[in-house]
Amino acid sequence: MSRAPFLLAPLDGAHDRAKFHCDSQPLNRYLREQATQDIRRRVAACFVALAEEQRIAGYYTLASASLYLADLPASNRKKLPRYPTVPAVRMDRLSVDHEFKGQGLGGALLADALHRSARSEIAAFALVVNAKDEAAAAFYGHHGFIALPDSPLTLFLPLATVQHS
Ligand SMILES: CC(C)(COP(=O)(O)OP(=O)(O)OC[C@H]1O[C@@H](n2cnc3c(N)ncnc32)[C@H](O)[C@@H]1OP(=O)(O)O)[C@@H](O)C(=O)NCCC(=O)NCCS
């Protein structure tokens, strides 16, 4: 098992996308075939964790989103203005290469996404994720994310709870 330190950076053309391999084929394919187009069209930003020699050990994407106020738990809803929606940042496709799993990298990428979102000058109430299955939802729950009452694979974390650094 590798213990290499990681550098977190926006995806760019020098990074080796071909070697990335996680449990999910759609997530491998997205990085190889779609991510750079999405970046160019400004429909997603992609951030990677780099191990030695431009090797991608993990990645995630961020994009603007919104949440219906009515979908939030009552305890969150009552602290918000009565607009139909609240702004959010959506994190998609968090994934870690097989070789680097279980070393805290998934948690580190999640923390990076939260800090990037909380630091932005554009306001967003929460980071929201669509978990691909129950195991992924459990990972987010473990990190304090709250499931939408009627849609348990959609989870959010209010950005006001994220400490700035
Ligand atoms: C989910 C995934 C990103 C986790 O990455 P990882 O680097 O192996 O996870 P970490 O080592 O950072 O784990 C961080 C913490 O989460 C916990 N954790 C990991 N997977 C978990 C799960 N499925 N349920 C609950 N907790 C989990 C770990 O025990 C660890 O806890 P600790 O900080 O208290 O020790 C990785 O397994 C992956 O790429 N899976 C395939 C794609 C996927 O499911 N993505 C999810 C988004 S749809």
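## Pockets and ligand site

Strand 4 makes the leading contribution to the lining of the largest pocket, with six residues. The structure is a predicted model, in which local features need pLDDT of at least 70 and side-chain atom pairs count only at pLDDT 80 or more, while totals for chains, interfaces and linings use all residues. Residues are numbered from 1 along each chain as its sequence is written, and side-chain values use heavy atoms, with hydrogens and water left out.

The largest pocket has a volume of about 590 Å³. A pocket is an open set of points on a 1 Å grid over the protein atoms alone, where a 1.4 Å probe fits, with protein on both sides within 12 Å along at least five of seven lines; lining residues have an atom within 4 Å of a point. Its volume is the space filled by probe spheres set on the points. Of the 27 lining residues, L94, S95, V96, K132 and A136 are the closest to the centre of the largest pocket. Two or more lining residues come from each of strand 4 (85-96), helix 3 (105-119), strand 5 (126-130) and helix 4 (134-142). Helices (H or I, at least four residues) and strands (E, at least two) are DSSP runs numbered from the N terminus.

The second largest pocket holds about 300 Å³ of space. Its lining consists of 14 residues, with A63, S64, V89, S120 and I122 nearest the centre.

Helix 4 gives the most to the shell around the ligand, with six residues. The shell comprises 19 residues, the closest being L94, V96, G104, G106 and G107 (a heavy atom within 4 Å counts as near).

| Residue | Backbone atom to ligand oxygen |
|---|---|
| Q103 | 3.4 Å |
| L105 | 3.5 Å |
| G107 | 2.7 Å |

On its own the ligand has 930 Å² of accessible area (Shrake-Rupley method, 1.4 Å probe), of which the protein covers 69%.

By class, the shell around the ligand has nine nonpolar, eight polar and two charged residues. The lining of the largest pocket has 13 nonpolar, eight polar and six charged residues. Here Ala, Val, Leu, Ile, Met, Phe, Trp, Tyr, Cys and Pro count as nonpolar, Asp, Glu, Lys and Arg as charged, and the others, Gly among them, as polar.

Key:
A polar contact is a pair of N or O atoms within 3.5 Å; within protein, one must be able to donate a hydrogen and the other to accept it, and residues adjacent in sequence count only if both atoms are side-chain atoms.
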